[in-house]
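Work through the exercises below with the model open beside you. Try each task before you read its solution.

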Amino acid sequence: MSEFPYAIVGFDLDGTLCDTAYDLGTALNRTLAFAGRTTFALPEVRRFIGGGSGQMLRSALIATGGCDEEAFPALQDRLFAYYSEAIAVHSRLFPGGEAMLDDLAARGVRLAVATNKREVFARQLLEELGLIGRFATVIGGDTLGPGTSKPAPDMLREMVARCGGGRAAFVGDTTFDIGAARAAALPVVAVSFGFHDLPPADLGADAVIDHFDELVPALARLA
Ligand SMILES: O=C(O)COP(=O)(O)O
Ligand SMILES: [Mg+2]
């Protein structure tokens, strides 16, 4: 095995490492139904995922009749309760994810998660999937405080610091991820199988992969 060029590889969670659309969508639809709104077919929910669950709920409320800011906090709490109850019913790593994580770990790469999901849910999901021990750190959209979630660079800078520094790359699925990586001056790979808010080729990533088998070679080429 030749020397791998990156000491740290960070991953977005929803739509990048894991297909979480079904469980997020179920929690969202239960919340919308409680609020008397129409619900969404799952493929439609995917476009709301990327900016964090609060943004997902707000966008879905606006799309179904409007978002009343006074009622919003209680609805958000309800969404969180529904999601926590059934966070890993259908959510799984995308195909090839486990072998890819094994491969990077065998090369001595430190692995991290930087997600706009709340940290508590990111940890719960990774724990329920038996993956938490693989990551040196897990940083959520609420970990560092207001204004720090992706596309701001803060989470990725913190990720590199927590991993002890060194050459790092990031992997994501939406403009939030590519924007954050650019702002933090990290190379970034986009996954075409995620919940992208733009066509994958238009995200502006340094490379686009269609399967996790392609990640290690793509990172090696980037460097
Ligand atoms: O849940 C979301 O909307 C965002 O999560 P992600 O940053 O892991 O894609
Ligand atoms: Mg994502």
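The model is predicted; local features need pLDDT of at least 70, side-chain atom pairs count only at pLDDT 80 or more, and totals for chains, interfaces and linings use all residues. Residues are numbered from 1 along each chain as its sequence is written, and chains are lettered from A and ligands numbered from 1 in the order in which they are written.

**Exercise 1. Describe the overall fold of the protein.**

Step 1: Count the elements. There are nine helices and eight strands. These are DSSP runs, numbered from the N terminus: helices are H or I with at least four residues, strands are E with at least two.

Step 2: Check the radius of gyration, taken over C-alpha atoms. The globule rule is 2.2 Å times the number of residues to the power 0.38. For 223 residues a compact globule would have a value near 17 Å; the protein has 17 Å, so the two agree.

Step 3: Find the buried share. It is 43% of the 223 residues. A residue is buried if 20 or more other C-beta atoms lie within 10 Å of its own, exposed if 12 or fewer, and partly exposed in between; C-beta atoms are placed from the backbone.

**Exercise 2. Find which face of helix α6 is buried.**

Step 1: Locate α6 at residues 119-128; its buried residues are Phe121, Ala122, Leu125 and Leu126.

Step 2: Look down the axis. These residues fall within an arc of 130°, so they line one face of the helix. The arc is that of the directions from the helix axis to the C-beta atoms.

Step 3: List the partners. The buried residues pack against β2 (18-19), α4 (72-85), β4 (110-114) and β5 (137-139). Contact means C-beta atoms, placed from the backbone, within 7 Å.

Step 4: Look just after α6. Glycine 130 takes a positive phi of about 70° there.

**Exercise 3. Describe how the two domains meet.**

Step 1: Domain 1 is 8-19 + 91-222, and domain 2 is 21-85. Such bounds come from an automatic or database domain assignment.

Step 2: Count the contact residues. Domain 1 gives 15 and domain 2 gives 13.

Step 3: The C-alpha centres of the domains lie 24 Å apart.

**Exercise 4. Identify what surrounds ligand 1.**

Step 1: Count the shell. It holds 13 residues, and the closest are Leu13, Asp14, Thr115, Asn116 and Lys117. A residue is near if its C-beta atom, placed from the backbone, lies within 6 Å.

Step 2: Assign the domains. Domain 1 and domain 2 each supply at least three residues of the shell.

Note on methods: Two residues are in contact if their C-beta atoms, placed from the backbone, lie within 7 Å.
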